[in-house]
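Hi everyone, thanks for coming.

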Amino acid sequence: MLLRTLDLSRSRSIEQIKRRVAKRASTLSKDTWVLGRGWDHEKLRERRYPTREDLDGASSKPVFLKRICGHVAVANSAALSIAGIDNRTSNPAGGEIVRDSEGNPNGVLKETAIELVEDKVPELMDLTRKALVSASRKLARLGLTSLHCIVSSLTELNALRDLKREKKIPQSIYPIVTPKVVDSLEASGLSEKGEDTFQVRGLKLYLDGSLGARTAALNEPYHDDPTSRGMLTLSNQELKKVVSKARDSNFQLCIHAIGDKAVDLAVQVLGETFGAEGCRRLRHRIEHSSIVNEGSMKEMQRLGIIASVQPRFVYSDHWASERLGTGRLSQLYPFGSMNKAGIRLAAGSDCPVEDPNPFEGIWSAVARPGLDKKERLTVDESLLAYTKNPAYASFSEGFRGTLSPGYAADMVVLDGDPFESNVESLRKIRVVRTIIAGKVVS
């Protein structure tokens, strides 16, 4: 969908964002939403979040723009009004409606508060189908033959399923659904376990936010904001309740946890609820696992919890030392330590937060630009994290993930050999051909 909305990742000022919004609004019919994503206040000249007043000056149509991390968004007055948000609206559990000095919403929404507006954005099946096919083609050109994707609406899930049946998406799809989608499936009496190329077995939970937005939950305060340790979006009891429900439904849990406080809580609750046998059977994942202390690392290995990591964060988190300070910087993205501890690493991109090109991620894992080199992965370890290990993380290691007799003929032809390339050349490797199930698709 981002390919069809405003990409604000190159914006360098709020005024520039306003001009982009106004230009897009002028091309849309009345009452059509102006949607965008990608702004980063760290890169804006004003070094602050855009507000409702900023966007009101650009358009009277509803405007809704997400920060690059997806954990903060800003809405204009029209969008807030449609969502019913005013000075009497309470903060939802696990979220915040940011307010001005007089207590009025200033348009900035954090974590679960984003859903108050997002749920009001019209979702059209035809547009969703076109966007999915377009994205599938783009990702195939990058050499991606299997996709693990977060699906937050029943419309998108149905579109994905139908497009797979119609053979309009060649990749195997592993949808990881949100609790809201699971509830919709149950309410409609549908079951979505699926087949080899379309399995619904993962349940996505958000336990904290992002380091960039200072909403990732840390055990110690942020270095550049000593008043804050981020936020947990679920309490211990709330997490236990959701996890217990997932246990009864045999869902694999994919828990978003970036800060060490969130990782600690996720590991603790998974261990208490499932034990080692249950965790290994359902192959639970911690999505991101950005800061993991030694105790949680040992417990992740004991329980068989998968670390679903995004190596390109290493390159893009240029502000990491500001957030954590030099003392904690060495604890960030401990891929090498987790690998040595026997934790299975499954690597992805977190697109649209990051570039989906896997060689950008492989390069970041091997080079670790700006971070401690002792946590580097080798080329071989990085490739396993993008092939064999994600197959295991999606219960498909028996027929996908390696080039073996009887396995799916999913492969790529490259213009260079990663094992013979120097570190800097890794990110320059390009995919010449993508082959899925024995058929050239790109």
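**A walk through the chain**

Let's start at a loop: Pro352 is found in the one between β15 (345-347) and α14 (358-367). When I say helix or strand, I mean DSSP runs, H or I over at least four residues for helices and E over at least two for strands, numbered from the N terminus.

Before going on, some housekeeping. This is a predicted model, where local features need pLDDT of at least 70 and side-chain atom pairs count only at pLDDT 80 or more, while totals for chains, interfaces and linings use all residues. Residues are numbered from 1 along each chain as its sequence is written, and side-chain values use heavy atoms, with hydrogens and water left out.

Okay, the overall picture. The chain has 17 helices and 18 strands. Its radius of gyration, taken over C-alpha atoms, is 21 Å, close to the 22 Å from the globule rule for 442 residues, so the chain is as compact as a globular protein of that length. That rule, by the way, is 2.2 Å times the number of residues to the power 0.38. Along the principal axes, the C-alpha atoms fill a box of roughly 65 × 50 × 50 Å.

How much of the chain is buried? Buried residues make up 52% of the 442, where buried means under 20% relative accessible area (1.4 Å probe, protein chains only). As for contacts, meaning heavy atoms within 4.5 Å: among those between residues at least 6 apart in sequence, 70% join residues at least 24 apart.

Now the sheets. In which order do the 6 strands of the open sheet come? They go β1-β2-β3-β4-β6-β5, with mixed pairing. At the edges stand β1 (6-7) and β5 (95-99), each with a single partner strand, so one side of each has no neighbour in the sheet. Pairing here takes at least two bridges found by DSSP between two strands. β1 and β2 (residues 34-39) run parallel, joined by 2 bridges, and Asp7 stands opposite Arg37 in β2.

There's also an open sheet of 3 strands, in the order β16-β17-β18, and its pairing is antiparallel. Its edge strands are β16 (411-414) and β18 (439-440), each pairing on one side only. Between β16 and β17 (residues 431-436) there are 4 bridges, and Val413 sits opposite Arg433 in β17.

Next, have a look at β8, residues 172-177. All 6 of the 6 residues are buried, so this strand is largely enclosed by the rest of the structure. Both faces are covered: Ser172, Tyr174 and Ile176 are buried on one side, and Ile173, Pro175 and Val177 on the other. β8 runs parallel to β7 (residues 146-151), with 6 bridges joining them, and Val151 stands opposite Val177.

Ser289 has a positive phi of about 45° although it is not a glycine; you'll find Ser289 in the loop between β13 (285-288) and α10 (294-303). Is Ser289 buried or exposed? Buried, at 0% relative accessibility. Tyr333 also isn't a glycine, and its phi is positive, near 50°. Tyr333 lies in the loop between α12 (320-329) and α13 (335-340), and at 3% relative accessibility Tyr333 counts as buried.

Terms used
Buried < 20%, exposed > 50% of the residue type's maximum accessible area, 1.4 Å probe, protein only.
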